[in-house]
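Here are my notes for a colleague opening this one for the first time. Have a look at the structure, then read on.

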Amino acid sequence: MALQVGFGLIQEQRMKMVMTPELRQAIQILQFSATDLRKYIEDQMMENPVLNVSEAEKKEPDLDRWMEYMRDLPRQSRTGYRKESDEPSFESFVTGYQTLADELEAQLCDYSLTLKERKVCLYLIHNLDEKGYLDLDSGEACKRLHIDDGMFAKCLKVIQSMEPAGVGARSLGECVELQLRRRERINETAIRIAREHLQNVADAKWRKIADALQVDLSEVHRAVEEIKSCNPRPGLQFHSSPPRYVSPDVYVEKMDDEYVILLNERDMPNLTVNRYYQQLLRQKDELGEEVSRYLKNWVQSALWLMKGIEQRRDTIYRVAQAIVKRQRDFFEHGVDHLKPLTLKQIAEEVDLHESTVSRATQHKYMQTPNGLFPFRFFFPSGLQTDTGVDMAQSTVQKKIRQMIENEDKSKPLSDQKIADLLKEQGVSISRRTVAKYRDEMGIASSAKRKRFL
């Protein structure tokens, strides 16, 4: 049978999901944090000429309060003079972040070096990675700086003598050794282990280390404990980038016996459409079709933005209200009483799609009486006890950690034993789940935790 190809007009009805610009903007606004939303609004105000801040946002009352505050200040405070008993100025709390390179450059001034040696030290300082390690080939560095191995070694020794201890090391073993040699009592066994047997330490091969060094097991374990007290990444205590400050989107405060939810709108502008352009748009017959269409598009864009912000405000409030209701025990008694919760449960309670709740909890923070937490913190996975009470994963992990901390180090608890002990407390959990939680907490297995002290 031959295939026939032809042209024709066919009329049919079809339903299709279309992502409109309004919906796309609403989704984008919902995902923003409070800080990002303020920046987005500022950008939109620069772009859209009809957007304006409400008259209620004018600063005259603030100026009046400021002038009244200035009149009440003592004369010496206004002239810049401050007594020792006075409160510190606001500027004293504003500090810049300091990088590892800044700290080492400041310490370099305390050394008596030639101009060439100082340049070499600066070169080495700015080749340290964020952990404080020097990942640099000495031969290549000597060629580039036109120096010999002796000067390179001297300058490297200068860097390695600085604070924090361990900076300038070229390996983990060297980093640990530099810190051990700063101790008041130098443990030669620990230094030898750091040089030659770090992999055996990671594998908990205590007998192999003892036989190689010809020492007893107790001495090996004392040396290993001293090694573990060292910082393997000494450079991380300094900022490698400016700190990112978090602004809470929601405040939760307890009033009487109820928790009140307050949205953070302190620095959020109250947007309106400029009155002049509203009046101008009403005179569309005099403006002409092209100008009228131009203004109408900008006004429509402004209304979409304002509607998206209002929808965001309502969604976040409803989601936060549902979270507080579900996690009331957390607000009353602390982190140990956090219950398992899913996005689907909140979505069903507030009658929203699960994806909407996911966007509403993304990059959002809640200031609670127990501290500042991201919204996602209130959605832990968990288990159910024999009594039917839900228990969060973090609570189970805390119980496991406490058992391990209190165990007999010569006979550490196996994962199966921990599972059995938890079952006695009403928490049904498998050995495999115990091992998973233990790994997530960075706790070694029972074989590696065993000590022969």
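The points below cover confidence, cysteines and a hairpin.

1. First, the ground rules: this is a predicted model, where local features need pLDDT of at least 70, side-chain atom pairs count only at pLDDT 80 or more, and totals for chains, interfaces and linings use all residues. Residues are numbered from 1 along each chain as its sequence is written, and side-chain values use heavy atoms, with hydrogens and water left out.

2. On pLDDT (the predictor's confidence in each residue, from 0 to 100), the protein chain has a mean of 82, with 84% of its residues at 70 or more. Over residues 57–63 the value is below 50, and that stretch has one contact (heavy atoms within 4.5 Å) beyond near neighbours in sequence. Residues 73–94 also stay under 50, with nine contacts beyond four places in sequence.

3. How many disulfides does a search of the whole structure find? Zero, taking a disulfide as a pair of cysteine sulfur atoms within 2.5 Å. For Cys-142, the nearest cysteine sulfur is that of Cys-155, 9.6 Å away. The sulfur of Cys-155 has its closest cysteine sulfur in Cys-121, and 4.0 Å is too far for a bond.

4. Are Cys-142 and Cys-155 buried or exposed? Buried means under 20% relative accessible area, exposed over 50%, partly exposed in between (1.4 Å probe, protein chains only). Cys-142 is buried at 7%, and Cys-155 is buried at 1%.

5. Val-252 stands opposite Ile-261 in β3. Two residues lie between β2 and β3, and Asp-256 in the turn has a positive phi of about 60 degrees.

Conventions. Two strands pair if DSSP finds at least two bridges between them. Helices (H or I, at least four residues) and strands (E, at least two) are DSSP runs, numbered from the N terminus.
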